[in-house]
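Subject: Structure handover

Hello,

Here is the structure you are taking over, with the sequence alongside. My notes on what was found follow below.

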Amino acid sequence: MTPPKSIIDGASPLCIDASVAINLNATLLAERILIALPMPVLITRSALGELRVDHKNGRDDAALTSRLIGNGSLGEAVFNEDAEGHFLRLTVGDAAETLDDGEAATIAHAASTGAISVLDERKATLLCARLFPRVRVVSSLDVLAHPAVEGFLGAKVLGDAVFAALNGARMRVPPPHIDWSERVVGAARLETCESIPLDVRMRLRRKIAGGTE
């Protein structure tokens, strides 16, 4: 399966936001995915502090993510002096120009160390691009679409993991990743996922009805 063009390359560490940790936990294969990746994956204390129990399904993302740190498959990002300054820049001021602590910490760490920020929220992505244009930003889907992950899990298991994250965490699918997601998950399953834009789901339904899946 050809991955999206925005796929992660190189060996720069990844620094994930809370929403990304939630998506990874929802795959039910977070540890295996993290082990498969060829670069370190980190999370800040601020992002970790935003995790809690999902009362809809009972998944305790704080506990699950802490367990990943405990077994060494996920690292804890350590702030330096530059990161502290970047964090304040992203959290103090007008609401339109600031972010929540987890997103701000994720970007601040990346800006101070050269790590790649893994974010799913549009506002955070746009603000990072404007204030820190040298920081590379990717999404949860980029992590799951890394060739090393499919190589480790296999195509069928990867498809099941992506589908689980779409259903269990309403994982966002950026437009460049729609076709890849369809190939991995399958049109019949993808059109049932409410996190997929309605126009895409309608297209998939027409495709399925026409017997062209």
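The lining of the second largest pocket is made up of seven nonpolar, four polar and five charged residues. The model is a predicted one, and the values below were computed from it. This pocket has a volume of about 210 Å³. It is lined by 16 residues, and those closest to its centre are Leu119, Thr125, Ser139, Arg172 and Pro174. Two elements, helix H7 (122-131) and strand E5 (137-138), each contribute at least two residues to this lining. H7 gives the most, with three residues.

The largest pocket holds about 340 Å³ of space. Its lining consists of 20 residues, of which Ser19, Ile22, Asn23, Ala169 and Arg170 are the closest to the centre. The elements that give two or more residues to this lining are helix H1 (18-26) and helix H10 (155-169). H1 supplies the largest share, four residues. By class, the lining of the largest pocket has eleven charged, five polar and four nonpolar residues.

Next, the sheet. It is open and has five strands, in the order E3-E2-E1-E4-E5, with parallel pairing. Strand E3 (75-76) and E5 are at the edges and have a single partner strand each, so one side of each has no neighbour in the sheet. E5 is also one of the elements that line the second largest pocket. Further in, strand E1 (residues 14-16) pairs with strand E4 (residues 116-118) in the parallel sense, over three bridges. If you want a place to start looking at this pairing, Leu14 has Ile116 of E4 as its bridge partner.

H1, the helix with the largest share of the lining of the largest pocket, lies across E1, strand E2 (41-43) and E4. The angle at which H1 runs to E1 is about 90°.

The last item is a pair of helices. How do the axes of H10 and helix H11 (residues 178-185) cross, and within what distance do they come? The two axes come within 8 Å and cross at roughly 120°. An angle of 65 to 115 degrees would count as roughly perpendicular and one over 145 as roughly antiparallel; H10 and H11 are therefore oblique to each other. On the H10 side, the contact is made by Leu158, Gly159, Val162, Phe163 and Leu166. On the H11 side, Trp180, Val184 and Val185 take part. The contact of H10 with H11 comprises seven nonpolar residues and one polar residue, with no charged ones. H10 is also among the elements that give two or more residues to the lining of the largest pocket.

Regards

Methods
Residues are numbered from 1 along each chain as its sequence is written. This is a predicted model: local features need pLDDT of at least 70, side-chain atom pairs count only at pLDDT 80 or more; totals for chains, interfaces and linings use all residues. Side-chain values use heavy atoms; hydrogens and water are left out. On a 1 Å grid over the protein atoms alone, a cavity is a set of points where a 1.4 Å probe fits but cannot get out, and a pocket is an open set with protein on both sides within 12 Å along at least five of seven lines; lining residues have an atom within 4 Å of a point. Grid points are joined across faces, edges and corners, and a volume is the space filled by probe spheres set on the points. Ala, Val, Leu, Ile, Met, Phe, Trp, Tyr, Cys and Pro count as nonpolar, Asp, Glu, Lys and Arg as charged, and the others, Gly among them, as polar. Two strands pair if DSSP finds at least two bridges between them. Contact means heavy atoms within 4.5 Å. Axes are lines fitted to C-alpha atoms, for helices over the stretch in contact, and angles run from 0 to 180 degrees between N-to-C directions. Angles under 35 degrees count as roughly parallel, over 145 as roughly antiparallel, 65 to 115 as roughly perpendicular and the rest as oblique.
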